[in-house]
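Here are some exercises on salt bridges and a pocket, each with a worked solution. Have the structure open and try each task before reading on.

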Amino acid sequence: MNKKAFIETSFPVREISQESVKEKNIRQGHISTMHIWWARRPLATSRTTIYAALTPEPADDVEREQKAQFLRLLAKWENSANIHLLQRARQDILEACSAKDGEPKSPPKVLDPFAGGGSIPLEALRLGCQTYASDLNPVAVLIEKAVLEFPQKYGCPQTDSSPSAQATTAPHGSGPQNPLLDDVKRWGQWVLQEAKKELECFYPVGSNGERPVGFIWARTVRCQNPSCRAEIPLMRQTWLINKPNKKLALRLVLHQGRVDFELAEDAAIDFDPEIGTVARAKVICPCCGGGLTDKEVRAQFQAGQAGQRMVAVVAHRPGQSGKLYRLASEDDMQVFTAAATALKAKREALYAQWGLDPVPDEPLPEIGTLGFRVQRYGMNTWGDLFNPRQLLALITFTEKVRLAHTQMCRSGYVEDYAKAVTTYLALIISRITDFNNAFVRWQPQWEFVPNLFSLQALPMTWNYAELNPIASILTGTYESMFRQIVRPLDELSRFISTDLPAPHATQTSATTLPYPDNFFDAVITDPPYYDNVPYSHLSDFFYVWLKRSVGDLFPELFTTPLTPKKQEAVAYSHGEGGFEEGKRLFEETLTQAFCEMYRVLKPEGIAVIVYAHKSTEGWETVINALLRSGLYLTAAWPLNTEMETRLRSQESAALASSIYMVCRKRAKHETAYYEDIRDTMKTRIYQKLDQFWKEGIGGSDFFIAAIGPALEVFGRYENVKTYAGEEVSVLKLLEEIRKTVSEYAIQKILKNGHSGTIDPETRFYLLWRWTYQNRLLPFDEARKLATAVGIELSNYWDGGFIQKEKENIRLLGPTQRAANLPERPLNHMIDVLHACLILWEKNDRKRIQQILDSTGTNTNPAFWRVVQAIAESLPAGDKEKQLLQGFAYGRANYGAETVHERGNDNLFSSTDD
């Protein structure tokens, strides 16, 4: 391989980002539907970055554009199984490999030690590499086996005379083209039919042929008013259908201290269904108007005094479109009670057969665990997250999966092959648990049930939806999850061949890799993002069910009661020692992992590390770990990997981009003086920011993207010191980066116009609006932005444009300052602008002119640049944006009359004076 790889010199950021965002909308055939995994990397970015890391730097600009164009084609989802493109990519990679004299070249060895859902190793395999995937989490490893190992080993097209077909499948008709896919379909249907025989009576068909597909439940508490004591159904809202052309809601009806319901449709909805009986764990009794505090609500749950009530039934009549809704009846509850009785008997029988409780009795994580809220409401085990009928369905399906494996072996299947088929059946059941639990909500806009882990958390849910898992409609049923397993398995079989090296998926910690020194040509990985995702605790939800379905087939993965946590590389702030200890342990673990990556990487090898975190603390820890390991950055690319709809745009400064950091092993152990490299570092930052700006990268991503080019200079050296002999910390480096980016961004936002005449307060306001718009920001992040422009946050809390909300900071716009701005002098350009916007909304043009003339801003070009820049930074429909546009549109009217300069204290007085 040449001295530099393609990815170290250039990369088509915009186009690859566009393809990655498009991919997020793809469901059919994508491996993400095979099983949920959190923070999964897009296949497009994985495929293209691997190719660019394993092929050499282009010889000239013509070749550079040719390779960039090839990458654009390679990134497209529709080309992911294009054998012509893949063959070319594999050949390019093979040609770049070195070989010993007289020996043929062999594909590069690629490792992902944090393989998770398998995106990166899958694309390494697709590109013909010798692929090694590992993860500490056993759920991740099982997913990797289903994505990597089994399709490659058993999914190649077969014939009747093929030895592998004879060796793997039982003789049941003509030989399949894809034995693995064929048998997963066959036995998947067998499991469903066998389960239906036992479960259909608990989801009975109605007198008119309608079959229930879902049930709406409300948890209940007792009113604390001694004269009332009503059972209060806890409902966040009461919509059943909330579409533009159809509305249906539940109306609360009070009968002598009892709360009942009736259906209200369209024009008959004379109440607000958005208003329920509970909000943020505080309850209002609809009967007497009395209230329960959040503590009183939790106390009833913890004491076992809370209950639940079936409120409505969602049904479907075969041959008709749409869904039917009715109130739940006594008959419905009798069927549910019968299911609870059947659960008790089946639970005891299976316990005797399996030697473990078929209902997960493993404990939930301790109170305070990141993302978990249910323990405070008396939910203590993983089995507590399901109602009795859901548990009956799940243990029945689990039993049939185990029986399917037994039947396969009895009918002549080779054990390892039967184990592979059974794994996919177990994944179907695992996927169902994500939809069929007592914490999913009915979605009235779409009339379906979203999965529980659409968020990376387990929050408390007051009213929930129970699915009929043997129904034929709605996502989350057995049939829908069966399709979501089969389709990606079919896709995975389209690009594989017996010529590809066999992949390896193993359970191991990234801190103790079982490979020799200098073994891998590339390490390409996506480590955990500081405190973003509690992987092990979340995956326990699936682990406890997979342990019951295939735990005996994979004893090496399911030896522990729950997933391993001691070596997990995640920063938890709730443990002993709090935030600082969590940060220290994360940095220590990540450093060990990076050191292992350094050890197993060949001297000329390349590493690509993906990271995304919005906080300085998160980046400080990963950079410290990187520098201590001996790896240093040679390039970094911000790639947009998230859908806009996913970003929590209103209240959180979420990132759209992940930073792909390209690293090499440091060969020299040199020390540099900060004063000597500062200008070089700043120049490099500006060079890359120019490119990122042209690529359309902005906002908080822009600040994070600058870390890469700074480390390209800073990270070359083992130590960086000042002339005074002090070691330069990563924290100081990040402060310098933020200051440099702030200067650059201000110039670009203002289109290089008069930035030097703008006061620090206005710079801060402009940067915040451009970077975070109207979002909250943690105090420390806001403080660092303030430091970069030279202001102190606390000086602006008392009536200024900055508001502290507990541990967060909010930037106040003109309408939020209307009450207190008249009482303050207009000392800063942003104060003048806000005063003008408040008056513009009141149509007080005379006072606007007085302010502009008295402050000298009317003739200041920088002021009007700021007006335009803030307006361009805000989203369409934003109130402040509309005020700014209206104010700027009337600019010509503000200079028509000259007034005497006057003080600012009475400019907000009535126009009648």
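**Exercise 1.** Find how many salt bridges a search of the whole structure gives.

*Solution.* Start with the criterion: a salt bridge is a side-chain nitrogen of Lys or Arg within 4 Å of a carboxyl oxygen of Asp or Glu. With that rule, the search finds 49 salt bridges. Keep in mind that this is a predicted model, where local features need pLDDT of at least 70, side-chain atom pairs count only at pLDDT 80 or more, and totals for chains, interfaces and linings use all residues. Residues are numbered from 1 along each chain as its sequence is written, and side-chain values use heavy atoms, with hydrogens and water left out.

**Exercise 2.** Work out which helices the pair Arg 72 and Glu 15 ties together.

*Solution.* First, check the contact: the side chains of Arg 72 and Glu 15 form a salt bridge, 3.2 Å from N to O. Helices here are DSSP runs of H or I with at least four residues, strands are E runs of at least two, and both are numbered from the N terminus. Last, look at accessibility, where buried means under 20% relative accessible area, exposed over 50%, and partly exposed in between (1.4 Å probe, protein chains only). Arg 72 is buried at 18%, while Glu 15 is partly exposed at 26%.

**Exercise 3.** Decide whether Asp 831 and Arg 817 are buried or exposed.

*Solution.* Asp 831 forms a salt bridge with Arg 817, the closest N and O atoms being 2.8 Å apart. The pair links helix H24 (residues 829–841), which holds Asp 831, with helix H23 (residues 814–817), which holds Arg 817, 14 residues apart. Asp 831 has 4% relative accessibility and counts as buried; Arg 817, at 0%, is buried.

**Exercise 4.** Describe the lining of the second largest pocket by residue class.

*Solution.* A pocket is an open set of points on a 1 Å grid over the protein atoms alone, where a 1.4 Å probe fits, with protein on both sides within 12 Å along at least five of seven lines; lining residues have an atom within 4 Å of a point. The volume is about 1,100 Å³, taken as the space filled by probe spheres set on the points, which are joined across faces, edges and corners. Of the 38 lining residues, the closest to the centre are Lys 3, Pro 603, Glu 604, Gly 605 and Arg 664. Strand S16 (601–611) gives the largest share, five residues. By class, the lining has 14 nonpolar, six polar and 18 charged residues. Ala, Val, Leu, Ile, Met, Phe, Trp, Tyr, Cys and Pro count as nonpolar, Asp, Glu, Lys and Arg as charged, and the others, Gly among them, as polar.
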